[in-house]
Amino acid sequence: MFGVTLKLRYPFYGAMIGSACGSAYIAATNTLAVALGTAGLPGFISIAPQSWGNYFIGMGISIIVAFIVTMVLYKRFITPEENKKLAVTTKEVESNVIYAPLKGEMKPISACSDPMFASKAMGDGVVIIPIDGLLKSPVNGQVTLVFPTKHAIGLMSDDGNEILIHIGLDTVNLEGKPFELFVENEQTVTVGQPLVQIDLDMIKKEGLSTETPVLITNQKEFDIIGAESINYEDKIMKVK
């Protein structure tokens, strides 16, 4: 508790709320103990056998609620300063590899529905149709550009690759409303570090596409090495 959850705050809050919910269920179902014993899942040995079912349900409620509350609080309230503190260790990654910043469907940039991106006028790369709204860093490196409208972010990898991620198409017109930014200009980032929380539903309700181009803008040759269906931190491009 003191080494991890309390220091990071949100896991501590989640654990407290989850424990309260699980305890409430156990109390409401009159789950009885026959002796003093250890806490947590091994604690069933001190529970009356006829109450084991409710005991494990209560433990499940505690775990699930704690996880959900932690994720909701993290995505909603984490600040750039807190995010920076969480990213103190550089991850070991392959040289000149770009990792998936989103979970979803990936295609060559030529398949983008926006002719400007499809023509590679902004750079070559891929387009991702996300199914999850958390954008993560695809490289170890530094944030070089954050648009005031939060719809695009530029990165420079430690290998010297310039990356531009444009979240959705024509989303500049939404004036930043669907985006919650976790980083700032000149901040050091690592692969998998949260950059932006995206409200995909808001973008769709405005009649805009969530297609997200991920471009290498400094004219380097590369191979697409990922599958069409990608998950976070899958390898998607290898710069030659």
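The legends below describe close-up views of a predicted model.

**Figure 1**
The chain contains six helices and 14 strands. It has 240 residues, and 42% of them count as buried. Among contacts with a separation of 6 or more, 67% join residues 24 or more positions apart. The chain exposes about 12,400 Å², and 59% of this area comes from carbon and sulfur atoms.

**Figure 1. The largest nonpolar core.**
This core has 31 residues, and Leu-135 and Ile-198 have the most contacts inside it. Several elements each supply at least two residues of the core, including strand S3 (124–130), strand S5 (141–146), strand S6 (152–157) and strand S7 (162–166). Helix H6 (200–205) also supplies at least two, as do strand S10 (194–198), strand S11 (212–216) and strand S14 (235–239). Apart from this core lies another one, of eight residues, among them Ile-109, Phe-117, Val-127 and Leu-164.

**Figure 2. The surroundings of Ile-198.**
Which residues does Ile-198 touch, not counting residues up to four places away in sequence? They are Leu-102, Gly-133, Leu-135, Ile-167, Pro-178, Phe-179 and Ile-203. Of these, Leu-135 is named together with Ile-198 as having the most contacts inside the largest core.

Gln-197 lies in strand S10. Is its side chain's residue buried or exposed? Gln-197 has a relative accessible area of 17%, so it counts as buried. A polar atom of the Gln-197 side chain lies 3.4 Å from the backbone oxygen of Gly-133. Gly-133 is also one of the residues that Ile-198 touches.

**Figure 3. The aromatic pair of Tyr-55 and Phe-56.**
The structure holds one aromatic pair. The ring centres of Tyr-55 and Phe-56 are 5.8 Å apart and the ring planes are at 75°, so the pair is edge-to-face. The angle qualifies because planes over 60 degrees apart count as edge-to-face. Tyr-55 counts as buried, at 7% relative accessibility. Phe-56 is partly exposed, and its relative accessible area is 37%.

**Figure 4. Cys-21 in helix H2.**
Helix H2 covers residues 10–28, and Cys-21 is found in it. Cys-21 counts as partly exposed, at 32% relative accessibility. Leaving aside neighbours within four places in sequence, Cys-21 is in contact with Ile-61 and Val-65. Cys-21 and Ser-62 are 41 residues apart in sequence, but their C-alpha atoms are 6.2 Å apart in space.

Asn-96 is found in the loop between helix H4 (80–86) and strand S1 (97–99). Asn-96 is not a glycine, yet its phi is positive, at about 60°. With 21% relative accessibility, Asn-96 counts as partly exposed. The value falls in this class because buried means under 20%.

What is the phi of Lys-120? Its phi is near 70°, a positive value in a residue other than glycine. Lys-120 counts as partly exposed, at 42% relative accessibility.

Technical notes. Residues numbered from 1 in each chain as written. Predicted model: local features only at pLDDT ≥ 70, side-chain atom pairs only at ≥ 80, totals over all residues. Heavy atoms only, no water. Core = buried A, V, L, I, M, F, W, Y, C linked by side-chain atoms within 4.5 Å. Buried < 20%, exposed > 50% of the residue type's maximum accessible area, 1.4 Å probe, protein only. Helix = DSSP H or I, 4+ residues; strand = E, 2+ residues; numbered from the N terminus. Contact = heavy atoms within 4.5 Å. Areas by Shrake-Rupley, 256 points an atom, 1.4 Å probe, with all protein chains shown as cover. Phe/Tyr/Trp six-rings, centres within 6.5 Å; stacked < 30°, edge-to-face > 60°. Polar contact = N/O pair within 3.5 Å; in protein donor to acceptor, adjacent residues only side chain to side chain.
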